[in-house]
Amino acid sequence: MTSRATAQRLDDADPLAHAREHFELPPGVVYLDGNSLGAMPGGVPGALRRTVQQQWRDHLIKGWTDDGWLAAPMRIGDRVGRLIGAAPGRTVTGDSTSVQVFNAVTTAARLRPDRKVILCDTDGFPTDRYLTLSVARLLGMQVRQAAMGGIGAALDEYGQEVAVVLGSPVDFRTGEVFDIAAITAKAHQAGAVTVWDLCHAAGALPLALEADGVDLAVGCGYKFLCGGPGAPAYIYVAERHRAAADQPLTGWLSHATPFEMAADYRPAEDMSRFRIGAPHVLSLSALDAALDVFDRVTVEDIRAKNIRLGRFFIECFDERLAGRGFDLVTPREDDRRGSQVTLSHPDASRLMDDLAARGVIGDVRPPTLLRFGFNSLYVSYSDIHRAVTVLADLAEPDGSRREPTESARRLLGESHVAQ
Ligand SMILES: *Cc1c(COP(=O)(O)O)cnc(C)c1O
């Protein structure tokens, strides 16, 4: 049974319920879009104010050293590293995921100069594919594409030509989870280097980059990590590759001795080699404050809860939405499902607009997918119950969509009626 009382009982027994206190959410909103932009941790405004008013205003140029601005990308990189199973000194923050994808794929390709193919995931986030095509043009390589589930078969077929495998452990549309360790091992058997895009996994699933033998990985700071809009991304490089890693964006802060302003380029020995230019100090201070929340919880507890949230959503779906024009796109098996549930419906965009007008925020991936992301740190079982209740209310028994009633129109106000 998926009654409101059941949801309340699950919330009462939730060992992570305390984490919600560390976020500020608008009252009355059910926020299921944290896989696109995480909610704001309550510590962020104070951190930004301190950086601006105590550090920048009062310390001026001395902030680079006295306030640790220069070291921040490495220090905060290690904080992210803890969440993804990386040893210290192997993760650095900076720029956007797109920039880091470019850097990681180019670096990986240069580790296998005798090979000509980059194998990438057909269904991955588009920026990964767009950048891979550009890297291939720059380096005179070819791109082959396969669905994540078909990467193994593609490696069987032409693995000997493959320099780089770029994949995502969680499909951003369907939420399906793929096995980093198994695909990495298969790529290594073929002699290829792996690049993993962790955007939809970090902060939501336990990751073990060292144990899984991952070569390079990238990810963003603003989804499950809640670092704020445009938060710095990060890149991880395995220790065994660092000395040979020839990253393409050789900005001054990747130099071994940047402040000597030397005429010749000499890359840093440590992970600073993957820095580019001046760190985004304001954005980093927001990300740093957001990561404080993760010091109070474990990724295992986060995962245990998002599995249960997904299961509860699917139970609610089975009881109240199935057969009414909705299909479940996300796998039902707990270990094949990331921290989201995706439904399909022919009228997805209008349904999502109507949900938003009733305070339930998810997102649409055109044309038919309705995506609901669960950040275990602030989403409750009652939130899910309310989301499905509102959605069921919007859907007709025969699967078509019901127009809002007159009283609902009044509640929704003029702006919605005008849409
Ligand atoms: C969100 C996301 C990105 C975003 O890239 P940005 O350059 O940070 O905007 C990249 N890859 C994946 C898989 C994503 O989910």
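A polar side-chain atom of D128 sits 3.3 Å from a nitrogen atom of the ligand, a polar contact (a pair of N or O atoms within 3.5 Å). This is a predicted model, where local features need pLDDT of at least 70, side-chain atom pairs count only at pLDDT 80 or more, and totals for chains, interfaces and linings use all residues. Residues are numbered from 1 along each chain as its sequence is written, and side-chain values use heavy atoms, with hydrogens and water left out.

**Around the ligand**

- D197 also has a polar side-chain atom 2.8 Å from a nitrogen atom of the ligand.
- S98 places a polar side-chain atom 2.6 Å from an oxygen atom of the ligand.
- The residues around the ligand (those with a heavy atom within 4 Å of it) include F125, T127, H200 and Y222.
- At least two residues of this shell come from each of α5 (97-110) and α6 (126-139); helices here are DSSP runs of H or I with at least four residues, numbered from the N terminus.

**The largest pocket**

- The largest pocket holds about 230 Å³ of space, a volume filled by probe spheres set on grid points joined across faces, edges and corners.
- A pocket is an open set of points on a 1 Å grid over the protein atoms alone, where a 1.4 Å probe fits, with protein on both sides within 12 Å along at least five of seven lines; lining residues have an atom within 4 Å of a point.
- Its lining has 15 residues, with T51, Q55, R75, S285 and D288 nearest the centre.
- α10 gives the most to that lining, five residues.

How values were computed:
Polar contact = N/O pair within 3.5 Å; in protein donor to acceptor, adjacent residues only side chain to side chain.
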